[in-house]
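Have the sequence and the 3D view open as you read.

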Amino acid sequence: MLALSGVSYRYAGYAARVLHDIDLTLADGEIVGVVGANEAGKSTLCLVASGLAPGSIGGGLTGRLAIDGVDMKGRPLHEFSTRVGIAFQNPATQLSGVSGSVFEEVAFGPMNLGLPARETVERTKAALASLGIEGLREREPRRLSGGQAQLVVIASLLAMRPAHLVLDEPTAQLDPEGTRLVGEALRRLAATGTAMLIVEHKADLLAELCRRVVVIDAGRIALDGETAAVLGDRRLVDWGVEPPSSVRLGRALEARGLEPGLIAGSTA
Amino acid sequence: MPAPVGVILADDLDPADARDIARLVPDTPSPYHGLNPLTKAVIATVGSIGAFAAGGYIGPIGLNLVMLLLAFRAGVLGQLVRISLLLTTPIAVSVVLVSVFTRAGRTVLFEIGPFDATVEGVDFAAQTLVRLFAISLSIGLFVMTTHPRAFVIDLERRGVSPRVAFVAVATIEAVPALVERAGIIGESQRARGLDTEGSLRARLRGLLPLIGPVIIGTLTDVEERSLALESRAFSRPGRRHLLWAMPDAPWERVLRWVLLAGLAATAIARVSGRI
Amino acid sequence: MTTVALERVGFVYPDGTRALSGVDLQVTPGETVAIIGQNGSGKSTLVRQLDGLLRPTEGRVLHDGLDVAGVRVAVLAARVGIAFQNPDRQIFAGTVRREVEFGPRILGRAAEEAARAGAAALSAVGLDELADANPYDLGFSRRKLLALASVLAMETPVVVLDEPTTGQDARGVRRIQDVVARAAAAGRTVIAISHDMRFVAETFDRVVVMGGGRITLDGPPADVFAEASWPVLASTYLEAPVAARAGARLGLGSTPTDEALVDALAGAARSA
């Protein structure tokens, strides 16, 4: 369980707060989507949930971040890495750049934990298998497609065996094929019990994966609830969020005096 | 291409895993490639510094010949010579021009305006060129026969902090990325009308719009990468258990000490005026 | 105004990889064209032929019917402006205003002209109130809009946008749709590379599909996203937008956009 209580945050060198009084819980195995306009604070939320803010980038945090009941205040960053992993949108800058093979790239994290070689290899094999990318193990990371590279990034995080994953727009820079690959990988992961916090503009993807969706507006949580209810809420437009296709088309039909149910089942 | 003979694999691996890991080790197309990275680094150091420690012509020319022979055995002779010539020629030209004409000397060969070309100047230029080429061959041979990762893993095995080792190899591997970035930025600015094909003055004026994005882009990349690395416990202190390491034969250890001792002796002899 | 044309253009990179084969493409003033296809299908290589960043290894590139083979990029940039995907590859000025005026100044416009064009461009992308801000104090999506504005300010007859909607939220996408429509209304040609199929179907008159360095389909969205074209789309790892797929499943013919789908359903309801 990852719990943010009364969390506010301002970036280093800035006086204004970017997050205000955030209360957000990610229960074990839960998959929660995060939506909101750009600059509403979604990425900041990810940085705070993963400990990188203030741990790596500084800034001022008030409130409490607790993971599995443990208050994480002041803890060194490497202690976060085995509890919560974070993936960003650009696969190229998340690869270490020093590995000649995907296997060594994924093994990088476990090795940093000082694990014996045998266990490093075990974890690496398991991480590759959980995403179905064992076939990429001898490939050079920099030669992979965007989607494949993003899968390697996620595998690298999984090798740390965190109970929680934070994904900040993982498909934003990918082509449709890459998006499909990552979507499929996330579906597989969902079945393994890893809790996930996923920020995305692609509401269709979130509608499929998430049990719960949170709307962030101007640094605050505007809405937090069951996926269908949140993504069907008419205020999404005011918060700068595009609803899923089925909702959007349904509303377009309503506006014409037609039954939204006419398209039921056809938008999957 | 086979993995290096005797590559050290972690001793607690399953045989099947060990075979798989062995396949990940960088190729060594020649025995020279298979030498321990530190040995090759010492050879490069002795070759470059030795060229300056030794006086006269015989020492430096000898070093050049040794490097060329090693390069031949390693199968990189043609490539090494080509790149060395490419890199040293611009410097060589300026060295020759400056030395030939400004070196104080008595025996004048010919004159151009107020400048005298002296025999002493030509001699100095020739000596400098030979040494420059020796440095270029030495360092070039090392770079061409050593995988950055193998070098860094070797350093880590010898006790260098993993984080320092990482920075070392990331810096080396960042160079091609930097060149590529500069190219892409150049493209974006040219698409806005920045003239990179015109007069020299126009090209110089056009440098600022290129430098800014290169620096900012590199810094942003570094920032994003360091955040991603934190999630992989990069900043955790302590040693790591490596999956593989380059072998280091006893005779190589002896060779390294002998070479370094030779270098030291040459330097002392030179400084105390004996050669 | 400029018509840009590619005539049997082929391109092979110095390392031997072939990126384009036999590409024939003609665009006219006021036309909006989207180029779609998987990464590696040749989209980026194609648009770089338009302003001379890359030169064809076979075939010709024509501006107004004239072969531009020997013409410098700096000159062609006055006719074809390209806004690349990553804004941080070009932003270097200390303020938004200076950044947006850079392009026109380089093209030789006078200071007042550049200021006018810059202000108009900032207004078109909704950044006018941030003219004095430092670009790096703005978020990534706003910097992308700034890069777009910088190219708009050059007032080139042809504007090329490379993945304009990635990283944009719903408002940002609508803003870009607006920009495309207004540029076309002003008689400019707008070409965009995109992998957002809904954005493509709603915003562009014409869609060019690329696969393996060739153009595999070229036509209006209604044709390109119709069910008959799906195998071609699939071969370049693309899918038609949701509206098109829903329309096909409901037996309504080709409905590439939400509006077309709703129209078709309304028509079907009326005749029921």
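In this predicted model, B:Pro162 counts as buried, because 22 C-beta neighbours sit inside 10 Å and 20 or more are enough for that label. You will find B:Pro162 in helix α7 of chain B, which covers residues 162-190. Once neighbours within four places in sequence are set aside, B:Pro162 is in contact with B:Glu156 and B:Arg240. For a sense of distance, pick out B:Val108 as well: 54 residues separate B:Val108 from B:Pro162 in sequence, and their C-alpha atoms are 58 Å apart in space.

Now turn to C:Ile36, where sequence and space tell another story. C:Ile36 and C:Val209 are 173 residues apart in sequence, and yet 5.0 Å apart in space from C-alpha to C-alpha. C:Ile36 belongs to strand β3 of chain C, residues 32-36. Is C:Ile36 buried or exposed? It counts as buried, because there are 26 C-beta neighbours inside 10 Å. Leaving out residues up to four places away in sequence, C:Ile36 touches C:Ser194, C:His195, C:Val200, C:Val207, C:Val209 and C:Leu238.

Helix α3 (residues 58-74) and helix α5 (residues 119-145) of chain B have axes that come within 9 Å and cross at roughly 25°. That angle makes α3(B) roughly parallel to α5(B), since angles under 35 degrees count as such. The crossing of α3(B) and α5(B) is left-handed. On the α3(B) side, the contact is made by B:Pro60, B:Ile61, B:Leu63, B:Asn64, B:Met67, B:Leu68, B:Leu70, B:Ala71 and B:Ala74. On the α5(B) side, the residues are B:Val130, B:Arg131, B:Phe133, B:Ala134, B:Leu137, B:Ser138, B:Leu141 and B:Thr145. Sorted by class, the residues of this contact are 13 nonpolar, three polar and one charged. As you look along these lists, keep in mind that an α-helix has 3.6 residues a turn, so residues three or four places apart point the same way.

What angle do α7(A) and α8(A) make where they pack? The angle is about 25°, and the axes of α7(A) and helix α8 (residues 176-190) of chain A are 7 Å apart. That makes α7(A) roughly parallel to α8(A), and their crossing is right-handed. From α7(A), the contact draws on A:Gly146, A:Gly147, A:Gln148, A:Gln150, A:Leu151 and A:Ile154. From α8(A), the contact draws on A:Glu177, A:Gly178, A:Leu181, A:Val182 and A:Ala185. By class, this contact holds five nonpolar, five polar and one charged residue.

A:Arg161 is partly exposed, because 17 other C-beta atoms lie within 10 Å. A:Asp21, in strand β2 (residues 19-26) of chain A, has a phi near 50°, again positive in a residue other than glycine. A:Asp21 is partly exposed too, with 15 other C-beta atoms within 10 Å. One further backbone feature is the cis peptide bond that joins A:Ala53 and A:Pro54, where omega is about 0°. A:Pro54 sits in helix α2 of chain A, residues 52-55.

Finally, look at where the chains meet. In the contact of chain B with chain C, 20 residues of chain B meet 20 residues of chain C. On the chain B side, α7 and α9 (208-230) each supply at least two residues. The largest share of that side, seven residues, comes from α9(B). By class, the chain B side has eight nonpolar, seven polar and five charged residues.

Conventions:
Residues are numbered from 1 along each chain as its sequence is written. Chains are lettered from A and ligands numbered from 1 in the order in which they are written. This is a predicted model: local features need pLDDT of at least 70, side-chain atom pairs count only at pLDDT 80 or more; totals for chains, interfaces and linings use all residues. Axes are lines fitted to C-alpha atoms, for helices over the stretch in contact, and angles run from 0 to 180 degrees between N-to-C directions. Helices (H or I, at least four residues) and strands (E, at least two) are DSSP runs, numbered from the N terminus. Angles under 35 degrees count as roughly parallel, over 145 as roughly antiparallel, 65 to 115 as roughly perpendicular and the rest as oblique. A crossing is left-handed if the near helix is turned anticlockwise from the far one by less than a right angle, and right-handed if clockwise. Two residues are in contact if their C-beta atoms, placed from the backbone, lie within 7 Å. Ala, Val, Leu, Ile, Met, Phe, Trp, Tyr, Cys and Pro count as nonpolar, Asp, Glu, Lys and Arg as charged, and the others, Gly among them, as polar. A residue is buried if 20 or more other C-beta atoms lie within 10 Å of its own, exposed if 12 or fewer, and partly exposed in between; C-beta atoms are placed from the backbone.
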